[in-house]
Each structure stands twice: as structure tokens, then as C-alpha cells.
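Reader: I have a model open and a few things to ask about it. Can we go through them one at a time?

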Amino acid sequence: MQTVNGLPAHVLLVHAIVVLLPLSAALLALTALWPAARRRLAGPNAILSLVVVVLVPITTSAGEWLEHRLTPNPLIHRHTELGDTAIYAAIAVAVLAVVVWWRQRESTGRTPAKRTFLAPASSALTAALTVVALVVSAAAVYDVVRIGDSGAKASWNNWAANR
């Protein structure tokens, strides 16, 4: 999918990433910190974060297609390079969201054969997971802001220069 109704798909898909990746990162932080939120939101956030992992390569692929159709520009090149880092942020958020969700399931006894692979009763593991989740969430949001800022500069630089 390179175009949608004549528009480059990247300019449409990027909005999903700009909203959904920070949302899943914020939900990861919330579910890691707050047990009541974990019970209600860990499962939906695990699904959301996995959807984001699927959307990121589709969006970056559409962006690379668009890049090859534009006049070479250092700002566009920089945006493309930064955009390639989004998958790492998305995967990190997704892995931790799934771990938080699975630990929640284990703590309520909803796992097969009452296994506890991720030690839901361990307060030390919970604390460590919370710290890692907060760091990864903050890094993911920062990455999206950095990528988006470079994309805005690449898109609007000529317009601002001509005003």
C-alpha cells in the first residue's frame, strides 16, 4: 500500500503511529504502576501494542517509497533514518506490555496449569519491571517526538523559508 485515494499512504499512516505508540507507552507505564489499571487495561494494551508493531513497518515502508519519489534532501534523509528507530521502540513497548499482561493473568490464576513463569508474587520483579516499563515508555514517546519533529521540518521547511 503506497497510496490511498491518490495521497501517499505514509502521510496518513503516520498519524496512527503518532497517536497509538505514545498511547500504548502511556498505558504501559500506567499498568506497570497501578494495579487497578493493570487489571483492566493490561490485556487491551498488549493487543494495542502488538497492532502498533505491525503498523510501524507498514508506515516506514510507505515512507521509504515516498522518499524515493521526492527530491533528495538532507532533512528527509534524517527523518527516514530516525523513522527506522520506531520499530525498536514499538517492540520494546509491546514486549513489556505482554509481560505485564501475562503477569496479571498469572496473579489471578488464569494461566494454563497454574504456571507462574513470570513470578507474579515477586515484589522485586514487579519493581524492576515497573522501572524498565517507565524508562521504555519515556524513550518511546521521546522517539516518536524526535521522528515527528524531523518529519515536520522535512515537510514544512520550504514553506517556512518562502514566507
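Reader: Which residues does Thr80 touch, not counting residues up to four places away in sequence?

Author: Thr80 touches Glu64 and Glu67 on that count, where contact means heavy atoms within 4.5 Å. This is a predicted model, in which local features need pLDDT of at least 70, side-chain atom pairs count only at pLDDT 80 or more, and totals for chains, interfaces and linings use all residues. Residues are numbered from 1 along each chain as its sequence is written, and side-chain values use heavy atoms, with hydrogens and water left out.

Reader: Where is Thr80 found?

Author: In helix α3. Helices (H or I, at least four residues) and strands (E, at least two) are DSSP runs, numbered from the N terminus.

Reader: Is Thr80 buried or exposed?

Author: Thr80 is buried, at a relative accessible area of 15%. Buried means under 20%, exposed over 50%, and partly exposed in between, with a 1.4 Å probe and protein chains only.

Reader: And Thr3, what is in contact with that one, leaving aside neighbours within four places in sequence?

Author: Pro8, Ala9 and Trp65. Thr3 is found in strand β1, residues 3-4, and is partly exposed, with a relative accessible area of 41%. The C-alpha atoms of Thr3 and Leu66 are separated by 9.3 Å, and these two residues are 63 apart along the chain.

Reader: Changing topic. What volume does the largest pocket have?

Author: About 660 Å³. A pocket here is an open set of points on a 1 Å grid over the protein atoms alone, with protein on both sides within 12 Å along at least five of seven lines, and lining residues have an atom within 4 Å of a point. Grid points are joined across faces, edges and corners, and the volume is the space filled by probe spheres set on the points.

Reader: How does the lining divide by residue type?

Author: Into 14 nonpolar, eleven polar and three charged. Ala, Val, Leu, Ile, Met, Phe, Trp, Tyr, Cys and Pro count as nonpolar, Asp, Glu, Lys and Arg as charged, and the others, Gly among them, as polar.

Terms used: On a 1 Å grid over the protein atoms alone, a cavity is a set of points where a 1.4 Å probe fits but cannot get out, and a pocket is an open set with protein on both sides within 12 Å along at least five of seven lines; lining residues have an atom within 4 Å of a point.
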